[in-house]
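The entries follow in the order in which I made them.

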Amino acid sequence: MRYLLIVLSLFSLTLSGEVTAQTGNEYSHKEPSRDGTGKVYMGREISHVMGFHGVAWLERDSRSEEENTELAISNLPINENSNVADVGAGSGFYTFRIASKVPEGKIYAVDIQQDALDYIKNKAIKQNVDNVFTVLGTEKSPNLPEKTMDLVIMVDVYHELAFPKEMLQNIKKSLKPDGKLLLIEYRGEDPKVAIKPLHKMTVKQVKKELEANGFKLSTNGQFLNIQHFLVFEKKD
């Protein structure tokens, strides 16, 4: 009888197409789809991470116009004294543009790739920018000091997080009581946005995942060409 129950349980998992991961009930695994890792969180397959070899894409001349970068930055909930973290900073495309907006504050460029951090360090030296600091994060944590951040941003990054639950919990710890988290993600609802499906997200899915981790949506900005501008606060 015990053997039969085990077989039935495995059969049930096979029908669902998912097998519970060793990390707990939050994650499951399936056959990876194109551009996907096969790891699933709250019904969403996590995409592969774009390596730093994609720096040319991050720094392309057309990016500011395509993504309304300056408009996005002008709408950031910050002032000249704010402490900001750019998680998944990559080449620092946003990092350096934000640095000039917080001359009395600090901006932390967080990445799990040392090549990216070295690139940002060298750029800061060349441009004589003294309020940019690099932080080597992990897949589960940005390694930021607790209760120090006014704003944490992730630009086209959240969908790639290997451990979104753990990362969100650690970002939450880094925020001040009134600190905010901003996700800029390509609009998954819009088929005209020519980005691979796993590299886009819908507002519905983002809210589902963020609310499950202690955040509430405070701003649903739809003023960018192809991306969502979603600001979250910590729940009371």
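**Entry 1: largest pocket.** I looked up the lining of the largest pocket and found 19 nonpolar, 11 polar and 10 charged residues. In this count Ala, Val, Leu, Ile, Met, Phe, Trp, Tyr, Cys and Pro are nonpolar, Asp, Glu, Lys and Arg are charged, and the others, Gly among them, are polar. The model is predicted: local features need pLDDT of at least 70, side-chain atom pairs count only at pLDDT 80 or more, and totals for chains, interfaces and linings use all residues. Residues are numbered from 1 along each chain as its sequence is written, and side-chain values use heavy atoms, with hydrogens and water left out.

I noted a volume of about 830 Å³ for the largest pocket. A pocket here is an open set of points on a 1 Å grid over the protein atoms alone, where a 1.4 Å probe fits, with protein on both sides within 12 Å along at least five of seven lines; lining residues have an atom within 4 Å of a point. The volume is the space filled by probe spheres set on the points, which are joined across faces, edges and corners. Of the 40 lining residues, Val49, Met50, Asp156, Val157 and Glu160 are the closest to the centre of the pocket.

**Entry 2: second largest pocket.** I recorded about 170 Å³ for the second largest pocket. Its lining includes Arg44, Glu45, Lys200 and Met201. Strand S4 (44-47) and strand S10 (200-201) each give at least two residues to this lining; strands are DSSP runs of E of at least two residues, and helices are runs of H or I of at least four, numbered from the N terminus. The lining divides into 3 nonpolar, 3 polar and 3 charged residues.

**Entry 3: cores.** Which residues touch the most other members of the largest nonpolar core? I found Val152, Met154, Tyr158, Leu181 and Leu210, in a core of 29 residues. Such a core is a set of buried Ala, Val, Leu, Ile, Met, Phe, Trp, Tyr and Cys residues joined through side-chain atoms within 4.5 Å, where buried means under 20% relative accessible area with a 1.4 Å probe, protein chains only. Another core, of 24 residues, lies apart from it and includes Phe93 and Val102.

I then followed Tyr158, which has contacts (heavy atoms within 4.5 Å) with residues including Tyr41, Arg44, Leu183 and Leu210.

**Entry 4: whole protein.** I counted 8 helices and 12 strands. Buried residues make up 47% of the 236 residues.

How values were computed:
Buried < 20%, exposed > 50% of the residue type's maximum accessible area, 1.4 Å probe, protein only. Lists of a residue's contacts leave out its neighbours within four places in sequence.
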